[in-house]
Each structure stands twice: as structure tokens, then as C-alpha cells.
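The sequence and structure come first.

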There are 4 protein chains.
Amino acid sequence: MQDFLNALVAELKLITQRGKVADYIPQLASVDPAQFGIAVCTPSGDSFTAGDATTLFSIQSISKVFTLTMALGKIGDGLWQHVGREPSGNPFNSIVQLEHEMGKPRNPFINAGAIAVVDAIMMGHEPKECLGEILSFVRYLAKDDSICFDRVVAASEMQHRDRNASLAHFMKAFGRLRHDVDKVLGTYFHQCAIAMNCLQLAQSGLFLASDGIDKTMGQRIVSAQRARRINSLMMMCGHYDGSGEFAFRVGLPGKSGVGGGILAIAPGKASIAVWSPGLDQQGNSLIGTLALERLAQFTGWSVFGQK
Amino acid sequence: MQDFLNALVAELKLITQRGKVADYIPQLASVDPAQFGIAVCTPSGDSFTAGDATTLFSIQSISKVFTLTMALGKIGDGLWQHVGREPSGNPFNSIVQLEHEMGKPRNPFINAGAIAVVDAIMMGHEPKECLGEILSFVRYLAKDDSICFDRVVAASEMQHRDRNASLAHFMKAFGRLRHDVDKVLGTYFHQCAIAMNCLQLAQSGLFLASDGIDKTMGQRIVSAQRARRINSLMMMCGHYDGSGEFAFRVGLPGKSGVGGGILAIAPGKASIAVWSPGLDQQGNSLIGTLALERLAQFTGWSVFGQK
Amino acid sequence: MQDFLNALVAELKLITQRGKVADYIPQLASVDPAQFGIAVCTPSGDSFTAGDATTLFSIQSISKVFTLTMALGKIGDGLWQHVGREPSGNPFNSIVQLEHEMGKPRNPFINAGAIAVVDAIMMGHEPKECLGEILSFVRYLAKDDSICFDRVVAASEMQHRDRNASLAHFMKAFGRLRHDVDKVLGTYFHQCAIAMNCLQLAQSGLFLASDGIDKTMGQRIVSAQRARRINSLMMMCGHYDGSGEFAFRVGLPGKSGVGGGILAIAPGKASIAVWSPGLDQQGNSLIGTLALERLAQFTGWSVFGQK
Amino acid sequence: MQDFLNALVAELKLITQRGKVADYIPQLASVDPAQFGIAVCTPSGDSFTAGDATTLFSIQSISKVFTLTMALGKIGDGLWQHVGREPSGNPFNSIVQLEHEMGKPRNPFINAGAIAVVDAIMMGHEPKECLGEILSFVRYLAKDDSICFDRVVAASEMQHRDRNASLAHFMKAFGRLRHDVDKVLGTYFHQCAIAMNCLQLAQSGLFLASDGIDKTMGQRIVSAQRARRINSLMMMCGHYDGSGEFAFRVGLPGKSGVGGGILAIAPGKASIAVWSPGLDQQGNSLIGTLALERLAQFTGWSVFGQK
């Protein structure tokens, strides 16, 4: 595995078409697209890393996996009254659907849905308390207390919040949010601004690779059924309008972030994190997806194959 | 397994809410909703059946799995110029998306996409020849030469073709179909009107459970990669706007038909067919889905779990 | 007036940007875009013509004014159960709206609406009879028995019918059409293929300029209320998604056709027909609209002004 | 005229189906639906009133006519870079269209468009200054310095701003607004909260009935062309998705408000204001529209008729 990862890093370094770095806030726009990191963690406790695997990046939407897990822990299946679990189609359709479905977001991984999840876990508390809880949970999963919010990124997101503010007010107009829009957005942007590296991220996903147990800690995080369901949501909705493509090419549940990271789960085999800042047209890491496709071919890992 | 299936049949018989039988053509509307059948076939050659597992029904959209397999065999990845591979969202969006994406259907399992697949495999031939080829392929997979089209159903579909004719002319207007609309529709409706029973259907899906090989025949049908990709499409798009729900509840790739059948694949484990005519709001078999959910719980089969 | 029209013809001849001739059928694509004609007919019987005012062209959608008038005569306000009377927004929205409103077209001047009007006036008769009636009515209004269908254009439209066939089957799927789709389309395409010149067209619209009476014939064609209502529909919906622009610039009710003709009504003043084959982006005659804008400025005719 | 208006008031009082009072803010929800007022002002200086013609009500969207007039005065045709001039179709489509057209509102009378107009006239000034200017202009047109904002209504609108805040942030995300969203909304809600009575409102519209001149003041307010164009926009877009219906039934340009008022213009004849709080399904005054329909029948006023 380590040899393969080293060779993969060397090969991917040669690629010149690396996608387009997110540029809606300056903090993301200035990241060097030449970077690439990968970490593979197994339930048995092995870790393999290569490239820029210990460089911090903004996990952005990957954080939605963690807040979804928290929300299911807090309110269980009641969450599904606030958010659906179907793929959302293209970005154009997302707002059409939001209107058509009376402000109920289609799934917890589109922005509207993740905002609704944040509203659900706030439960009357202030953003500060809620954010403390989120950070504690992520540190616990990653076994690393050094993980923090990047407050500059969060502040910049808040300043450029118009698209998300539009979605949040839209849902509020349908009575879908219980807290103040700006407080929900502030919490949401901080959550997205968590800075992690590939190794921390792969560590955090281990419970999803073993039916809810992080075997390296010897701790059950969620029930087996819940872990499987979170994986199903990652598979169906984890890459926006590129989810079908990711399932087709990689064949594993995964969640991408606009910072260029992807967390992928090979059930029973490994938790994998990749990072490369350049994005494809659907907003998913171009080189990161390619790396996962190669890894899946090399290992034979695919939920759609026989072993 | 046999005991479980027998008990399942007994339990499901007691349910009174059985969904709504498709009523857009009289031949489907008159089917008795009390029926339920299930067949589980394993790569090692075991078959388990229970309930109305040998009663013929109209497989309808499940046939799209077979024509997709044929199309990939004939024109390979060139097929993806004619049809996409992303989930389509709700029915309302499907036509919006079809316009937004210039007549290119989102995936091969929505009606527009399946019509485009039929157009792709006709390759200048007459419907009769094309249909002969489809039937031969299905009989080969099912190891049963008695399988036939239900011509009464096909004729009735043709008579009530307006919704599909609208889609087909729409695609034709964008230059997406090469053959005469009525010939494509005639072929499409016959394909959908194949009559099979659960046992035949489960037999036909075995190659998808073993990375492209039907081990009971000792024949490779498609490459491992292709089998996995077909499974990924079934997972992402196999249940229309209920695909996310099916993945969440059952956790296996599956394709449903409006006749009440579902073909589901547990890679490495089994090919499963269920049938019960009553449909839920998304047009998928209500009791059939429930049966698969129970079976998945009993066996632990789920592509999202560790074993 | 005659001097003004002559000067206008001379001025417009110099314009090189003349729009794009409709090219979806070869018969329209081959028309020379340099042509321009205008005819102004007053209730008192005066006629002024200039340019190519006696050259025949395909009136296309302008015919919808005449079939709407016939439909209201035959079934009165019952027509509004089949078709609405609101503007339809952009072309993209038209099909979205058609689905959203269960197959009921928004107004009688979009294609779907005009097809529904044809279906309404067929009343069980064959296309031939219905077309005879339409032609008689148009000849009567134009006081000219030489007016005919251009059968080559009609046949070509039928051959390239996919977009309209899609709309018609869509409406039929919602139970909105009572006759066979191909018969309705055949009638619709013939109606659109009526060949007229500017003078004939301006003559035909006189009844709309005088509250339902063609004073030159001394005949009441429709009631005053009905004439006003037809004018209101022309104002609101007569130029597709350019209706607001036409009202803003010209200030008169008008109906355009993709052949480059426009019929405009200055109530109490005149019936006006212009023709120039090049179209703007909304599918309305570019030079024709400009000519009407100049005429309205010269005469002061505008329904939004004080005299 | 006076006798007719008196009789009309008596007749309309008997109608029990009076529509549904707007209830999205308590201040509007508590208005008595039994009220009805009408005022007819002629260019020659005659005024006729009947019913509750001197009761103040919230003019709401009718104010958009005045801010549009101001905006055209300030920045002329440059305004059309910020907002279109086409009807918008149904409410569902409005947000679809806003996305489809990159955040540019279709016309100045839908909410998004009116917000864009407010942003355009703020020109870097604070809401207070801008509102002072709006109020001065309205008082000048109405010849009545007692007209004021209803600050309780404005505050309540601000509190329930989510739908409009969603639109404003959406436009801002496309770079369509230059000022702070909350400042624009605060200005917009105050403008809508102007309290006027029918007589004041009819007085204010006189300049639109006489090609831009208020003859009772002997003042030109706008050019003849601009007055006609404002009328055309009222005709095409003044009643949301009921604009076609209003043109069909009443035949005059008009602008409605959710407070139950309508300002209608009979060019060359009169400026008319009606008010009755109950709304139809499109959000236009039910009894008010009926009153205008009767008045138009009685007087023969219609822009689509010959005199």
C-alpha cells in the first residue's frame, strides 16, 4: 500500500490539468493547486500517508458528515422531518426543488440541508456552545485535540454569505428554521471552516468503515444501522451533482468539500482521505477523485463488487 | 434462509396497506395486489423461493438493466454521449432537466434515458430484429427459453403512449434519437412488457452479484468493472425519486418496475427478486421494498456494512 | 401617411442588421431577409402600402388570432377551460409551466395554447373540413378569395413536428386534447401555413380596430367586448417573451409570426401589417417591430397615451 | 358618474364573497374586509368619490409605480440594466426565472424588481434620505402633505422579511445590489408602508392619464413617452400573475397592492383608485377588480376599444 501511495503521488504530480481552486472567498482562492495528500487508515490500526497528508486544509462540506452524525444522535429519526434523503440533481434544480418541496431540503449534504441540520442541533443554544460541541466531537473522532476552526475563513464566508443567506431566509419563510438566520449561518460557516489534514480526516471516518465502531479506540460511535445509513447518504448525495459519477468511477461512499478534500469509506477495509485543491465542474476535487479511482482499482475496493 | 422466507411471506400477507396498483393501462390495473413472491439465488447455485415466486408479471422498467447491459456491450462507453449517469430528482424536475440539458436524459433508468438506450441499440435495424435480440439475451441470462413478451401489455402501452411519446419527440427535437419515434417506442414498450417470474428474474441478475460472471453457468457476461458500474447505476437511479430511500432502507443496488417487481443485488452474496403489485408514491413496490428491507436485516447484507 | 411610409421603406432598406430568418424548415430559411412590406388600413376604408406589401409570406402564428376568434364564436367562454389567458414568460418556463399547470396552456398564442384551440374548434370533424372553415373565415375577413394554404410549408412543418408533437402528446397525456394528435397537428400546421401579404393581413384585422365591426364591409364580426378582449390577449401574449418589450416600444396590441409578419391594431385608428423575415432573439420580426415603433411615434398612436 | 359610483358602492356592499385579507403581518390581517372605497379624478379637475374613499390604507406595491417613476427620472434608461420589462408568470416561476436570468428581475413590479429599483435610487444615500425623497414625491403628486409612512406596518414587514430577504440576498449573490441588504429592505418596506386613501391615490396618478402632465397642477411630471411606457408596464406586469386577467376584464393599465388597493389609468379620461382589503388567489383586490370592471363597462373606457 505504501509503495502504491508513493507512486500515486509521483504520478499525480505530473498532471497539469488540476481543476479550478474555489475562488468565492480569498482564503480558498490563494491555496496552491499543486498540493496533493492522501491518508488510508484501516480498522486494525494501520495508517498509510503520502504527499501533503499532514498539511491543514479547510474541510468545508466534509464537516456535514460529522454534524449529521451528531444530529442523528441528538434527535434520531426526527431529523428527517427537517431534511430529506434523496439526491438533489443539478444546482439549478436545487432551488426549484426547495420551492417545490416547501422549503424542505432534499438531503443533509446540499447547503440548504446542512443549514437545516445545524438549526436542528442548536436546540436553543448559542452558536458558541454549539460550536464547542462540534469541535469536541471532531477532535474525539480524530483523536487529536489540536483541531481548530479557521476563524479567518469563517469570517470571510460570513461576509460572502449572500447565496447561503438567501437559502436560509427562504427556509425560514417556510417555517423550516427555528433559530435566528445569522446565528445559524455563523455556526454553519464555522463548522465548514474546520481545518484538518488528511490523516486526521481519515482517522475521523474509521467508525463508518466498521459498522459504527472505531476499532482503534475500541469505541462504538453509532449503531451499525446508523453507520450504514450515513454511508448510504454519502454515496447518494456526497458529491452534489457529481454523486452518480463518483459512484460510477470510484464505487465507494464519499463526501467532498469545496476546499478540495474528500473522505471516502471502504466498509470493512479502510477510511480514506484525499486532498487536492483544484475542483472539477461539479465542485469536487479533480485530482482527489482520480486518486480515489486509482486506489479503488489497485485494491479492488468497491461496494459494488463481490469482495 | 428458506424458513425466513416462508415466515416473511406469512407476515407480509397480513399487511393490509399494500400500495396502489399501476392503473395507467388496464392490464396492470387488474392485477391482484394481494400477491407477493420472492426468489433468492446465490452464485453457488442455490435458489430459495417463497410465495408467488413462479407467477409471471410484467417486469417493466427492470428490463432497463438488461438493455443497458446490451447497449454497453454494443457501443461501450460511447453510450454516455446519449445518456448521463446522475440521479434525476423528482418527476417534476425530470422534464425541466431534460430541457435544461438539451434533451440528454440524466440516466438510463428514467423513461427518457431508457428510450435513448433503445434508440442506441437499434442501430438501424427494425424493431422486430432488435426485440429478438433482447429476448434472446434475457432468456440466456435466465436460462429459460419460455420467457416472452406480453403483446397485449405492449399494445396497450403503445395506445397510452402520450407521456412517453412526448419525451421521445422532445429528445428527437434536440436530435437525440436517430430512429423513427414510433419504432423506438414500439421497441421500448415490448421490452417493458417482458413477462417473468421472480425465480427467472433472480437468475438473470446473478452476473451482477459476481463481478460479471454467472457462476452457475460458468460464463462471464460482462467485465468486473462493467458489472460494478451497472450496480452503481442501479444504486443511484434504480428507484426513480425513491432511490435515496431504497439505499437508506435496504442498502443494496436495485431496479424496480411499475409492475411491482424489484431486482436487487447483494454483491458476492445473492441476486434477489421480489414482486408485489402495489406501489408507493414514488412508483416502487411497497411490500417488495419492505421484504427486501427485512431480508437485508436478517442476512446483514448491505453494501454499506463491513462484511 | 403615404409619404411617411415611403420614407420609412427607404430608411429601413439601409439597415444591415436585419435579424435571423427562421431556419427550422427549409421553406422559411430560404426567404430573402432584405424584404420589407407595410400596409395600413383605416376603418374609413383608406389603405396605404409601401415596400413589399403585396408579396405573399407565411403568416404562421398570426393565424392564431383568427382561430381564436373562431373558437370564441363556436364555444364562447367555454374555451377558457382549455386554455388560460396569462403571459407565459420565457420559452424555458413554458414547458415547466405546462407541467406545473397540469397540461393547460397559459394562453392561446403560445404553441401549446394554439394547438389546444385547434383541438377545440375541430369538434369531431376531420382536418379537411376544419381547414376549409378556417380558410373561408380568413378570406372573408381579408375580402380576398385568392388566399390559400402553402401546402409545401405545411408538409415541411409536419415533417419537423417533434417539438410541437412533444407538446401535443404532453397535453394529451393530461387529457387536454380530444382528437388524434397527428390530426390536430396536421390542422395546426396548415393553419400556420396560410400565405398572405401585408395588405390582405391588414384588411383582416380591421374588425379589431373598430370594436368588432369591419366598417369597410359594414359587418359586425364579433361583439365589442370580444374584440377588446382579443386585443388584450394580443397585447399581453402576442409576442411570446417579447410581449412586454413590444408594449413598451410600440404601445399597440400585436401578434407576430415566425415568418416575419406582425399584425398590430390601433383601436379606432387603423389595422396595420408589417413583414420582414429576419427575427430577433425572441422570434419576432426585427425590422417589422422597428417599423411599427416608428409608425407609432409618427402618428402618436398608442393605447397608453391620451388620444 | 357620481350616481353610478353611489349605486356601485351599494351593490358591492351586498357581496359576501370578498376574498381573503393578507395575513402575513398582523397589521394587514386585522383590516375589516367589508370596506370599499373608490375615487375617480379627471384631468380637467373633477373628482368623484364614494364609499370609504377617505379611509387610509397601506398602498403596498402600488408605491412601486412612484419609485419606478423616480428611478427613471434619476437614471433614465440605465435602469433597464438592473431590471427587465417582461411579465413574470406565476409565483413559482419567479424564483426559477430569477436564477435562470442570473439574478436580474423580470420587471420592476415583482418584489425582486422593486427591491432592485430601490437599490438603484438609493445611490449611496442612507435609507432616511431616500425615504424622505420618496415621501416628498408622493405628497407632491397627491397634493397632500399629510401623507406618511405607517411605521408600525414597516417594522412588522421588516420582522417578517424572510421571503424578501431571500430574494435580496439572492440578487446580491449575483452582484445585482450595491447597497447593504438590510438597508435596501428597510427602505423598501417603508415605501410599501405608505398610508393613503383612494382620493389621494387617484390624484397621484393623474400625470399618467395625460401623457405625463398633471393638468390640475399645470405641471409636466414626466415626458409623454415615459408616461406611456409606465402605463405599458402597469398593463403588462401590474397584477402579478393576474395581469392577463385584469387586462382581459378591465382593459386598463393598473397596479395593485396587497393592502387591497388598485390604481388604474384610463388615458385621456381619468385616474382611478379603488380599495377593498379582500384579495383573490393572485393577491389582487377581489371587490376592487370587480368595481373597475363595472366602471369600465359603464364608461366604455378601455384602451382596447375604439374611443
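In this predicted model, the contact between the two chains (heavy atoms within 4.5 Å) takes 43 residues from chain D and 44 residues from chain C. Together, chain D and chain C bury about 3800 Å², and 52% of that lies on carbon and sulfur atoms. Buried area here is the accessible area (1.4 Å probe) that two parts lose on being put together, summed over both. Three residues stand out on chain D. D:Phe248, D:Phe304 and D:Gln306 supply 22% of the area that chain D buries against chain C, more than any other three residues.

This is a predicted model, in which local features need pLDDT of at least 70, side-chain atom pairs count only at pLDDT 80 or more, and totals for chains, interfaces and linings use all residues. Residues are numbered from 1 along each chain as its sequence is written, chains are lettered from A and ligands numbered from 1 in the order in which they are written, and side-chain values use heavy atoms, with hydrogens and water left out.

Four salt bridges are counted between chain D and chain C. The term requires a side-chain nitrogen of Lys or Arg within 4 Å of a carboxyl oxygen of Asp or Glu. One of them joins C:Arg106 to D:Asp241, with the closest N and O atoms 2.7 Å apart. Across the interface of chain D and chain C, 17 residue pairs are in polar contact, both residues at pLDDT 80 or more. A polar contact is a pair of N or O atoms within 3.5 Å; within protein, one must be able to donate a hydrogen and the other to accept it, and residues adjacent in sequence count only if both atoms are side-chain atoms.

The residues of the side of chain D that touches chain C divide into 14 nonpolar, 18 polar and eleven charged. Gly counts as polar in this scheme.

Now the rings. The whole structure holds 20 aromatic pairs over all chains. Rings of Phe, Tyr and Trp (its six-membered ring) pair if their centres lie within 6.5 Å; planes under 30 degrees apart count as stacked, over 60 as edge-to-face and the rest as tilted. Two of the pairs are tabulated.

| Pair | Type | Centre to centre | Angle between planes |
|---|---|---|---|
| A:Tyr188 and A:Phe189 | tilted | 5.5 Å | 55° |
| D:Phe170 and D:Phe174 | edge-to-face | 5.3 Å | 65° |

A:Tyr188 is buried, at 3% relative accessible area. A:Phe189 is buried too, at 2%. D:Phe170 is buried at 2%, whereas D:Phe174 is partly exposed at 25%. Buried means under 20% relative accessible area, exposed over 50%, partly exposed in between (1.4 Å probe, protein chains only).
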